[in-house]
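Please look through the structure shown here. The report below takes up its sheets, helices, cores and chain contacts.

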Amino acid sequence: MKTLFAGTALALVLGAGAVSAAETTACLITKTDTNPFFVKMKEGAGAKAKELGLTLNTYAGKLDGDVETQVAAVESCIAAGAKGILITPSDSRALAPVVGKAREAGVLVIALDTPFEPIEAADATFATDNFLAGELIGQWAAAKMEDPADARIALLDLNPSQISVDYLRDNGFLKGFGVDIKDPTKMGDEDDPRIVGNDVTNGNEEGGRTAMENLLQKDPGVNLVYTINEPAAAGAFEALKAVGLEEQALIVSVDGGCPGVQNVEAGVIGATSMQFPLKMASMGIEAIKAYAETGEKPKASEGLDFTNTGVELVTDQPVEGIPSITSKEALEKCWG
Amino acid sequence: MSETIPSTRRAAQEFETVIDGADRRVAAFDPHRRGPVEKLQHALHSNPTLVPVIVLLGAVAVFGVISGSKFFSAFNLTLIMQQVSIIGILAAAQSLIVLTAGIDLSVAAIMVLMSVIAGNLAVFSGVPAPLALIVAFAGGALAGMFNGFLVTRVKLPPFITTLGTWSIFFALNLWLSGAQSIRSQDIDAEAPLLKVFGETIAIGSARITWGSILMVVVFLVLWYMLNKTAWGRHVYAVGDDAEAAELAGIRTRRTLMSVYALAGLICGIAAWASIGRVGSISPQAFYEGNLQSITAVVIGGISLFGGRGSILGALFGALIVGVFQSGLRLAGVDVLWQVFAIGWLIIIAVAIDQWIRKVSA
């Protein structure tokens, strides 16, 4: 009985593969289909696929961290005979085995935005240099503050899972600011007395507000706030405003979503590092097309183990030596 | 004959004299005295809010000693009130459902959906804010009635019903909002009334928000309704034994329907409060609010089997969670151990409930 099922499944897989030989299929698997970042990614992939004549199947987890749904999506893509999979892994380690299966089946796997661990688990990674994104806002903050030695830093991270995008931005920021970060793959292991503490936000306003309140409770003198993304930054600002400390603290963030850029314009966020989800997705589709035609796999950017899709610092208070664009310019390129 | 009768009587009386010395009670309860543990068990049974109150006071005292003035300050204690206010209000709605032996997984989804509807109407469509809020309240009540309809008419178990509507309401929320938050500044400019529950009253270093006050008021009103009105007694009766309640002449379906509608309305009110609390309107917020509200209800000593527990218990339950989180955080405990502690609280609370239930009333 079991062999019969297995046989049928195999036949189905082969059958599907045969069909798609005529027409190249690509898969896009995002963490959620709710976050505007992934919505933009889907738009970019969809537009490019149409232009190049590829069939695009899209899948998404229910919420950030939903590993099971993503595993099932990868399996569906293998079964559907896709030529390539673009994926933003919800868990950079847990998804590695299943994409390994996909690669064995001859599918090109490209990680978008969030690198796998190890990064070689995918054929290529198209991502923002998240460490650099953090470094830029860290350097900006150091230049902006009167005396960085007097900084009281609150770190508002994503969640307790220590995923790559989370620790890369966090540690990048600290390094840019001039803190000894110890293990660059760990958050919260620093012993610099200027750090008030880390707390988690789940990347939304509610979490940002509560986390900021908690850290203010630890030290009401917080004057520099790093946030994992702009919704968390908006929440942190509300918490500061509620106790009348919004003038005391400088807020920096990463993302470049349109509401975030508007918050830079409004003075809520001092500076943010903008990333380009649309570009990641359209580059990914191009790479799958090239792989389908020539079998050639994309190469990483020089000096990095992934392909950098670019990051730009957005601020209306530029400092010398750090190139940046204004919020007005950024509004033209923002996503969401 | 006339001689013998008295003599036999006398003989019988003599024979029966032993009865005088015998135990004459016809039937009596086991005279066995209650030990202190049993006394406690009985006290808790007749007064189910006692456990959460003791735990709450105990936790405040312990964390007060460990973390000192950082924890035990008017500022921090009122901050805890602020932080639990939204989950607290949801827990009030949840308590109503749990008292009828149901469970509602959709409370937070209804709330977030209604906040998005109110925000879209007031901020983007130019609808006057009071009208937008009325729509949100009515929408909340309607959503609750939809749950109630499925439970009472289609006869689906509450768990399955609300598991389904949770997803439905969440999806509608993402569709309506485009998964985008409505920014704080836009709300300030167009409809500041939406954020009124975020306003604070400062008394010394205490910071009491209108949202915290709203939470307490919601609980007091519900406490009155449940304990001092016929409707309230019906809710308890239906939760304890729906069949017996029906035989006693209570219209159980109508009672259940009213409970679900009221719970939905409270979620609509929570939507208003949540906008003030968060500052912006975030479609991604409170994704686990349903489970957190159940946690508060359970820790508050309200029986998941229905018909037993005081609604005020849920308020204390919510506060206990807030106190633990704040206390552990200030003691420098990592987030994951806070989650660990809350897990144990739930298990211990339900274990105590089971133990109390063993008492025969």
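What follows is a short report, by topic, on a predicted model.

## The six-stranded sheet

In chain A, 6 strands form an open sheet. Their order is β7-β6-β8-β9-β10-β12, with mixed pairing. The edges are β7 (195-200) and β12 (311-315) of chain A, and each of these pairs on one side only. On average, neighbouring strands are turned by 15° against each other, direction ignored.

Inside this order, β8 (residues 224-227) and β9 (residues 250-255) of chain A pair in the parallel sense. The pairing runs over 3 bridges. A:L224 has A:L250 in β9(A) as its bridge partner.

## Helices on the sheet

Two helices of chain A deserve a look here. Helix α5 (residues 130-144) of chain A lies across β8, β9, β10 (271-275) and β12 of chain A. The direction of α5 is at about 160° to β9(A). Helix α8 (residues 230-242) of chain A also packs on the sheet. This α8 touches β6 (153-157), β8, β9 and β10 of chain A. Its direction makes about 160° with that of β9(A).

Strand β4 (residues 108-112) of chain A runs parallel to β5(A), joined by 3 bridges. Here A:L112 stands opposite A:F126. Strand β11 (residues 307-308) of chain A is also parallel to β5(A), with 2 bridges. In β11(A), A:T307 is the bridge partner of A:F126.

## Helix α6 of chain A

Does the length of this helix agree or disagree with its residue count? Helix α6 (residues 164-177) of chain A has 14 residues, which at 1.5 Å a residue should span 20 Å. The end C-alpha atoms are 20 Å apart, so the two agree.

Of those 14 residues, 13 are buried, so α6(A) is largely enclosed by the rest of the structure. After α6(A) comes A:G178, with a positive phi near 100°.

## A buried loop residue

A:T24 sits in the loop between α1 (2-22) and β1 (25-30) of chain A. Is A:T24 buried or exposed? It has 22 C-beta neighbours inside 10 Å, and therefore counts as buried.

Setting aside neighbours within four places in sequence, A:T24 contacts A:L54, A:T55, A:K83, A:K289 and A:A292.

## Nonpolar cores

The largest nonpolar core has 107 residues. A:I85 and A:V225 have the most contacts inside it. Beyond four places in sequence, A:V225 is in contact with A:A154, A:L156, A:M212, A:A236, A:A249, A:L250 and A:I251. A second, separate core has 96 residues, among them B:V98, B:I117, B:F219 and B:L328. In soluble globular proteins, nonpolar side chains tend to be buried together.

## Where the chains meet

How many residues of chain B are in contact with chain A? There are 24, and they touch 25 residues of chain A. On the chain B side, α4 (74-99), α8 (184-190), α14 (311-330) and α15 (335-357) each give two or more residues. The largest share, 3 residues, comes from α4(B). By class, this side of chain B has 10 nonpolar, 11 polar and 3 charged residues.

Terms used: Residues are numbered from 1 along each chain as its sequence is written. Chains are lettered from A and ligands numbered from 1 in the order in which they are written. This is a predicted model: local features need pLDDT of at least 70, side-chain atom pairs count only at pLDDT 80 or more; totals for chains, interfaces and linings use all residues. A nonpolar core is a set of buried Ala, Val, Leu, Ile, Met, Phe, Trp, Tyr and Cys residues joined through C-beta atoms within 7 Å. A residue is buried if 20 or more other C-beta atoms lie within 10 Å of its own, exposed if 12 or fewer, and partly exposed in between; C-beta atoms are placed from the backbone. Two residues are in contact if their C-beta atoms, placed from the backbone, lie within 7 Å. Helices (H or I, at least four residues) and strands (E, at least two) are DSSP runs, numbered from the N terminus. Ala, Val, Leu, Ile, Met, Phe, Trp, Tyr, Cys and Pro count as nonpolar, Asp, Glu, Lys and Arg as charged, and the others, Gly among them, as polar. The expected span of a helix is 1.5 Å times one less than its number of residues. Two strands pair if DSSP finds at least two bridges between them. Axes are lines fitted to C-alpha atoms, for helices over the stretch in contact, and angles run from 0 to 180 degrees between N-to-C directions.
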